[in-house]
Amino acid sequence: MRAHPAATLLPLLGLAAFFLLWEAVPLSGLVNPAFLPPPSVLPAAFLREWHSGQWMAAIGGSLGHYVLGLAIGVGLGIAAGTVTGLFRTAEGLTAWVVRVLRPVPGLAWVPFAIIWFGVNPSAAVFIIAIGVFWIVYFASHGAIRGVDRDLLELADAFGFRSAPERLIKVVWPAAMPGILVGVRTALGQAWMAVVAAEIFGVPGLGQRMMQASTLLATDIVVVYMLTMALLYGLIDAAFTALQARVLQWRA
């Protein structure tokens, strides 16, 4: 079915109205342009960052932290969620550990990250991994626990009796939709963690935003905010396509 023209136009009209309102507020004097730069000044700010090489350097630094922290957090989250989802004993042993550590926000780990790793990329990766871990852990745990037990009996009937075979051939494929939902949520959480991890001096988008803010260069701050939004949008779109491909067997 073709999408109705209004379904395509309405989001574009809404976005255009948003930028027009944004442009009007500082130019009308309601807000000092030094505190809220209008969109019309952003292209020039972007070009200055581009020609100086700082834009690409900041993106490269943040993407390195993001990908490594995300990979570690997702890997550990799926592993831990799988173990506690499959074994009641493991869930019982870790129940209070989870209750104690889960409410601790990612920013609370920043002092330890700096003490343990120093102000360097390893600290940023640690903070990002912590922020991602819990989302993926709970998604994986719930997905594994929700696997239909009849599937396990069917696996036995087809000869998948060893634990690794059942996990790879039955449990993970059945739980994959729920796990991927958690991973997609973690993609956004990881970007928020990137800023928290870099504002203390680790090279990347967050550090550059803080440097610009101390100079009241709010146009540069907004450039990097929009850069992060664009990068997240591209990553989310790519992951959505990958998710559809991985789960096409459900169609």
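Q: What makes the crossing of α9 with α10 left-handed?
A: A crossing is left-handed if the near helix is turned anticlockwise from the far one by less than a right angle, and right-handed if clockwise. α9 passes α10 in the left-handed way. The model is predicted: local features need pLDDT of at least 70, side-chain atom pairs count only at pLDDT 80 or more, and totals for chains, interfaces and linings use all residues. Residues are numbered from 1 along each chain as its sequence is written, and side-chain values use heavy atoms, with hydrogens and water left out.

Q: Why are α9 and α10 called roughly antiparallel?
A: Look at the angle. The axes of α9 (residues 205-214) and α10 (residues 218-246) cross at roughly 160° and come within 8 Å. Axes are lines fitted to C-alpha atoms, for helices over the stretch in contact, and angles run from 0 to 180 degrees between N-to-C directions. Angles under 35 degrees count as roughly parallel, over 145 as roughly antiparallel, 65 to 115 as roughly perpendicular and the rest as oblique. Therefore α9 and α10 are roughly antiparallel.

Q: Which residues of α9 and α10 meet?
A: Contact means heavy atoms within 4.5 Å. Leu205, Arg208, Met209, Ala212 and Ser213 of α9 meet Ile220, Val221, Tyr224, Met225, Thr227, Met228 and Leu231 of α10.

Q: What makes α2 roughly perpendicular to α10?
A: α2 (residues 42-52) packs against α10 at about 80°, with the axes 9 Å apart. That angle makes the two helices roughly perpendicular. On the α2 side, the contact residues include Leu42, Ala45 and Phe46. By class, the contact of α2 with α10 has eight nonpolar, no polar and three charged residues. Ala, Val, Leu, Ile, Met, Phe, Trp, Tyr, Cys and Pro count as nonpolar, Asp, Glu, Lys and Arg as charged, and the others, Gly among them, as polar.

Q: Why are α4 and α6 roughly antiparallel?
A: The axes of α4 (residues 88-101) and α6 (residues 121-145) cross at roughly 150° and come within 14 Å. So α4 and α6 are roughly antiparallel. Their crossing is left-handed.

Q: How many cavities of 30 Å³ or more are there?
A: One. A cavity is a set of points, on a 1 Å grid over the protein atoms alone, where a 1.4 Å probe fits but cannot get out. The largest cavity holds about 50 Å³ of space.

Q: What classes of residue line the largest cavity?
A: Ten are nonpolar, one is polar and none is charged. Lining residues have an atom within 4 Å of a point. Among them are Val110, Ile127, Phe200 and Gly201.

Key:
Helix = DSSP H or I, 4+ residues; strand = E, 2+ residues; numbered from the N terminus. 1 Å grid on protein atoms, 1.4 Å probe; cavity = no way out; pocket = protein on both sides within 12 Å on 5 of 7 lines; lining within 4 Å. Points joined across faces, edges and corners; volume = space filled by probe spheres on them.
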